[in-house]
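Here are a few friendly notes to read alongside the structure. Keep it open while you go through the points.

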Amino acid sequence: MNGSKISFDDTAVAFGDKSDKALRLMYFLFCTMNYPLITKVGIWCTSTVLKLKLPVKGLIRKTLFFQFCGGESLEGCRTTIEKLKQSNIKAILDYSVEGENTEEGFEANKLEMIRSLEYAATSENIPITVMKLTAFIDFDLLIKAQSGLSFTENEKNKYIRFEKRVEAICAKAVKHGKCLYIDAEESWIQKAIDNVVYAMMRKFNKDKAYIFNTYQLYKKSALNDLTNAHQELRSMNCHLGAKLVRGAYMEKERERAEEMGYDDPIQPNKMACDRDYNLALDYCIDHIDSISVCAGTHNEDSSMHLAELIDSKGVDRADSRVFFAQLYGMSDNISYNLAKEGFNVAKYVPYGSVEKVMPYLMRRAEENTAIAGQTSREFLLVKKELKRRKG
Ligand SMILES: Cc1cc2nc3c(=O)[nH]c(=O)nc-3n(C[C@H](O)[C@H](O)[C@H](O)COP(=O)(O)OP(=O)(O)OC[C@H]3O[C@@H](n4cnc5c(N)ncnc54)[C@H](O)[C@@H]3O)c2cc1C
């Protein structure tokens, strides 16, 4: 065992870099989001007024955007990233623009990713960038690739261009010594994504893990997928980069499985998902010689499980092969307390213009309604800190 005892309850640490004013804004936001009806109506109104081009951008920028995003451009994220650095927290640059479906758009996204890697190269506090492969190819083409149906000549060319885009980004990341996380998406395109990511790992993960795939432990198959990928890569003397998450598309996955009459790929319950998540952490730490792992979670038990695992297995808390990651603006009690104790912690820092990050912001708002219990926790923590400051 090494290191001091960890707790996620210290709100003075969690919100140490927030002014009273910023904290009051957080209180207002999380309190509002606590009500599902207000959130639903708010989301509807916001997208409507934006479509009507009414002047609400300033308001959004000062509230939701300020809470959950780093800035509107790379340079605009600098203050946020510097602030995180003061608390020993690293940044994962996340160009959070979605819904592109033209070849020009995919190419523009590639260029932005390259720019973000060049920007990351200017700061040691940005060791990682992240991307979704659906930013570089038509969603339907990924479905087709996964289904094994043959491509037309035009589709073949599009697919080759897609693979080249991904390879150019991976090469850039490796050139600058940065890690690249590739997000997991819906199961009906995930196998196609896996194929591309593993090809990149075989090419670039020879000395260490630069390219990371994401494993969604809400899937029954995820633990097997993780161990199989590891064994295969190890047999080729390559490292596995594994970001472990629970998974963001549960309802969608279940609905589609029922509609189309195939086996639900999702675990039967939350307990099974939690169990596999922690087993996956165990597996990664047990094979730390050939796996680099990132725990992408807001779950306190899993975060504590990994922290204790690191200590009990004698892994250095600052070992660069192990990272904890949370989204910017969420679960600061986990991020800041772990970072204070010397663990590697990074926050996803989304950036992009207010209009373009709206889908991301809407998802954060939805996720923070009372259903998942998440807001209650965020809200209670902010409330506790405000009370402590007054006291
Ligand atoms: C840094 C980071 C990166 C992420 N990257 C991705 C990504 O690439 N792809 C992606 O899909 N998601 C991603 N997510 C989102 C993630 O998958 C979860 O939706 C979210 O973090 C909530 O899970 P949790 O681990 O924080 O814990 P909790 O809040 O404890 O768990 C909630 C999650 O448990 C699962 N769950 C809930 N009920 C059940 C049930 N009845 N049966 C089975 N499972 C259940 C669901 O996945 C649900 O989202 C990321 C999250 C973070 C913090």
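1. Which helices and strands each supply at least two residues of the shell around the ligand? They are β4 (211–216), β5 (240–245), α11 (250–260), α12 (270–286) and β7 (322–327). Helices here are DSSP runs of H or I with at least four residues, strands are runs of E with at least two, and both are numbered from the N terminus.

2. A word on the source before going further. This is a predicted model, in which local features need pLDDT of at least 70 and side-chain atom pairs count only at pLDDT 80 or more, while totals for chains, interfaces and linings use all residues. Residues are numbered from 1 along each chain as its sequence is written, and side-chain values use heavy atoms, with hydrogens and water left out.

3. Around the ligand there are 25 residues, and R246, G247, T297, H298 and N299 come nearest. By class, the shell has 11 nonpolar, 9 polar and 5 charged residues. Here Ala, Val, Leu, Ile, Met, Phe, Trp, Tyr, Cys and Pro count as nonpolar, Asp, Glu, Lys and Arg as charged, and the others, Gly among them, as polar.

4. Now for the polar contacts (pairs of N or O atoms within 3.5 Å). H298 uses a backbone N or O atom, which lies 2.7 Å from an oxygen atom of the ligand. R246 places a polar side-chain atom 2.8 Å from a ligand oxygen, and for D183 the distance from a side-chain N or O atom to an oxygen of the ligand is 3.1 Å. On its own the ligand has 930 Å² of accessible area, and the protein covers 83% of that; such areas come from the Shrake-Rupley method with a 1.4 Å probe.

5. Is K387 buried or exposed? This residue, found in helix α16 (residues 374–390), counts as exposed because its relative accessibility is 65%. The cut-offs are under 20% for buried and over 50% for exposed, with partly exposed in between (1.4 Å probe, protein chains only). K387 and E366 are 21 residues apart in sequence and 27 Å apart in space, C-alpha to C-alpha.

6. Finally, the whole chain. The protein chain has 16 helices and 8 strands, and 54% of its 391 residues count as buried. Among contacts (heavy atoms within 4.5 Å) between residues at least 6 apart in sequence, 77% join residues at least 24 apart.

Definitions and conventions
Near = heavy atom within 4 Å. Polar contact = N/O pair within 3.5 Å; in protein donor to acceptor, adjacent residues only side chain to side chain.
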